[in-house]
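User: I have a few quick questions about this protein. Can you walk me through the model?

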Amino acid sequence: MKVAVAAVLIGWLIRSGALDFGALGVFFRKPWLLAFDLCVFALSVATATLRWRALLAIPGVRAPLARLAQLQLTAIFFNVVIPGNVGGDVVKALYVARDAAPEKRTTILLIVFVERLLGLAGLVAVASMVTLVRGQTLFADPLLRPIAGAVLLLGAGVIVGPAVFVLVMHRAGHHLERWIGGTTKIGKILAQLVAAMRLLASSPKNLAYAMLLSMAQHAFAIGLFTVLTRVVTDQDVAYSAVATVFPLGLLTLILPISPGGLGVGHVAFDRLFAAIGLRGGATVFNVYLLGQMVPSLLGAIPYLALRRKGELPANEPVEQPAALP
């Protein structure tokens with residue numbers, strides 16, 4: 001059903017003339033653009049690996065950087081070839097959790113969702129900073145004003161949300177853990193989750209460092225999207241204008257409507273570009289998406305290497321994490 005939805009949306013965009021697959025040839029006509037795309041992909045992998053290492057350090061999990069990079073590439077490969085956006089992150093977490101102490105496994109698995117939240121938060125934070133810096137120009141444009149306001153509202157949530165989380169875990173986390181805990185299986189699982197959240201909240205420096213890495217990753221991505229917009233559509237667009245619509249477009253990819261957001265993201269960027277007086281949003285997003293997805297297939301190399309070493313047992317059960325003290 002997801003594939004059918006993606007096919008219908010993409011087919012509709014092609015028939016309406018909003019999506020031009022021929023624009024993908026820009027990478028062959030302009031080799032410097034392909035090199036820039038690959039550099040952004042490499043920086044994305046590097047920052048994601050460093051972010052993951054910073055989060056794993058909170059429960060005291062240590063692993064070689066090369067090993068984490070190998071698993072990160074494997075996760076990216078799984079995210080591309082398997083429908084859904086979180087499967088690869090769960091896979092890499094399971095491999096680390098399998099070799100960790102039982103009491104750390106709940107926190108390691110919880111880090112999967114924390115890492116995703118930090119990724120989105122970093123995207124919104126970059127867009128909010130750009131909107132604040134260029135606020136006078138953006139709010140003077142009636143087309144950009146509502147979008148800039150939405151970005152700033154999301155940015156406020158990015159600041160308030162983590163602050164409330166850390167404060168609640170510090171002040172009431174212990175009482176919450178005792179209150180929901182019990183002798184039942186569900187009570188023990190909930191107690192483990194609260195204990196894991198308390199542990200994460202105890203290291204705000206690591207969370208802040210991971211947040212900065214996410215912001216750097218998305219700042220480069222917005223730069224690539226801006227350059228692609230200028231080259232593919234031959235429009236003189238500012239970085240700040242792209243930064244206001246880019247996070248809103250990517251947020252639509254979270255919706256589990258189509259594999260990897262195909263079709264949904266195309267329609268979203270087509271409408272967002274039109275809202276700020278630009279054309280070709282679906283085509284630019286298509287070039288950006290495939291430009292980042294194709295290098296992700298290189299993750300098959302570390303994946304096959306792990307299989308040869310026997311590190312990817314097919315149906316080995318994962319031991320249930322023990323309750324944290």
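Analyst: One definition to start: buried means under 20% relative accessible area, exposed over 50%, and partly exposed in between (1.4 Å probe, protein chains only). This is a predicted model, where local features need pLDDT of at least 70, side-chain atom pairs count only at pLDDT 80 or more, and totals for chains, interfaces and linings use all residues. Residues are numbered from 1 along each chain as its sequence is written, and side-chain values use heavy atoms, with hydrogens and water left out.

User: Is Asp-234 buried or exposed?

Analyst: Asp-234 is exposed, because its relative accessible area is 69%. The residue lies in the loop between α10 (204-233) and α11 (239-251).

User: What is phi there, at Asp-234?

Analyst: Phi of Asp-234 is near 55 degrees, a positive value in a residue other than glycine. Most residues other than glycine have a negative phi.

User: Switching topic. How many helices and strands are there?

Analyst: The protein has 14 helices and zero strands. Helices (H or I, at least four residues) and strands (E, at least two) are DSSP runs, numbered from the N terminus.

User: How do α3 and α4 pack? At what angle?

Analyst: Helix α3 (residues 31-56) and helix α4 (residues 65-81) pack at about 120 degrees, with axes 9 Å apart. Axes are lines fitted to C-alpha atoms, for helices over the stretch in contact, and angles run from 0 to 180 degrees between N-to-C directions.

User: Which residues meet there?

Analyst: In α3 they include Phe-41, Val-45 and Trp-52, and in α4 they include Leu-65, Leu-68 and Ile-76. Contact means heavy atoms within 4.5 Å.

User: What about the loop between α3 and α4? Where is Gly-60?

Analyst: Gly-60 is in that loop. Gly-60 counts as partly exposed because its relative accessibility is 32%. Ala-100 is 40 residues from Gly-60 in sequence, and 9.5 Å away in space, C-alpha to C-alpha.

User: Which residues form the nonpolar patch on the surface?

Analyst: Ile-159, Val-160, Val-164 and Val-168, with about 350 Å² of accessible area together. Like charges are joined within 9 Å, nonpolar side chains (Val, Leu, Ile, Met, Phe, Trp, Tyr) within 5 Å. Accessible areas come from the Shrake-Rupley method with a 1.4 Å probe; for residues, only the protein chains shown count as cover.

User: Where does Val-164 sit?

Analyst: Val-164 is in helix α8 (residues 145-180). Val-164 counts as partly exposed, because its relative accessibility is 44%.

Key. Patch = residues over 30% accessible without salt bridge, like charges linked within 9 Å, V, L, I, M, F, W, Y side chains within 5 Å. Salt bridge = Lys/Arg side-chain N within 4 Å of Asp/Glu carboxyl O.
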